Amino acid sequence: MREIDELAQVDDPAWPELQAMLADSAVPVRVLPGDGEEGRRCLLQMQVTARSTLGALALNCGGLVLDDGWVRVFGGGSAAVGGLPGLGRVNRFPDRLDPAWHPACGLVVGHDVLGGVFALGGHDPAAAGRPGVPGQMTYFAPDTLEWEAMDMGHSAWVRWLLSGRLDTFYDGLRWPGWREETAALDLSQGITVYPFLWTEEAHEDLAATSRRAVAMREVLGVAADFALRTGRADPGFLGEV
């Protein structure tokens, strides 16, 4: 186990480069103020250094809010009221440093407003019922209720989020006026869609669906419940919010 100074005080931290990327982002992005103590705790438990994008986000900010709140990227946790929970809370890190602990199903690093979950693959994705390989990003899709492998690691994923390709990724899942509805939410909320996104009715006419702002934990809970009811694989842990 490396000590916090070894993890945080590095010669080539990723944060300056990441700040430049954020400034040049092709999508609207808001950087939340962080809780320094909680960020250091996250860094220590994950045993990643500030050279990595994951470590830089945990140590230097409370998270990122992209596309007016459509995607939320977790960092060290926001000290401000109405901010995002940190990686430690979202992934249920132990209260005290535990060298033996690791996220069995992968590290949840982001959510989208519809209940999509971005997670970094753990040591043995297959054993957790997840696709992909260790260290590869995966996505729990709210319109299929299944996990999908993404051909990128965490750093590449953050660059991809900022590249302007979200419209393509969410093709068929954004309705007229989605931006205004999303921007009106607070960061503890998501959007439920009825008929549900995984139904034929929603696929045929998303604009005709009814939508409601609810607690994000409810959005995730409904998706997990219906995945089991409809005979799909258990999606497992989707993050604590």
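The chain carries 19 positive and 33 negative side chains, and the centres of these two sets lie 4 Å apart. These values, like the others in this briefing, were computed from a predicted model. The points below go from the chain as a whole to one residue, Asp67.

**Overall form**
- The secondary structure of the chain consists of ten helices and nine strands.
- Taken along the principal axes, the box that the C-alpha atoms of the chain fill is roughly 55 × 40 × 30 Å.

**Surface, burial and contacts**
- The accessible surface of the chain is about 11200 Å², and carbon and sulfur atoms account for 49% of that surface.
- Of the 241 residues in the chain, 50% are buried.

**A look at Asp67**
- Asp67 is found in the loop that runs between the strands β2 (63-66) and β3 (71-74).
- Since buried means under 20% relative accessible area, Asp67, with a value of 3%, counts as buried.
- Through its side chain, Asp67 makes a polar contact with the side chain of Arg179, at 3.3 Å.
- When residues up to four places away in sequence are not counted, Asp67 touches Val27, Pro28, Leu166, Arg174, Trp178, Arg179 and Thr182.

Note on methods
Residues are numbered from 1 along each chain as its sequence is written. This is a predicted model: local features need pLDDT of at least 70, side-chain atom pairs count only at pLDDT 80 or more; totals for chains, interfaces and linings use all residues. Side-chain values use heavy atoms; hydrogens and water are left out. Helices (H or I, at least four residues) and strands (E, at least two) are DSSP runs, numbered from the N terminus. Buried means under 20% relative accessible area, exposed over 50%, partly exposed in between (1.4 Å probe, protein chains only). Accessible areas come from the Shrake-Rupley method with a 1.4 Å probe; for residues, only the protein chains shown count as cover. Lys and Arg count as positive and Asp and Glu as negative; His and the chain ends are not counted. The place of a charge is taken as NZ of Lys, CZ of Arg, CG of Asp or CD of Glu. A polar contact is a pair of N or O atoms within 3.5 Å; within protein, one must be able to donate a hydrogen and the other to accept it, and residues adjacent in sequence count only if both atoms are side-chain atoms. Contact means heavy atoms within 4.5 Å.
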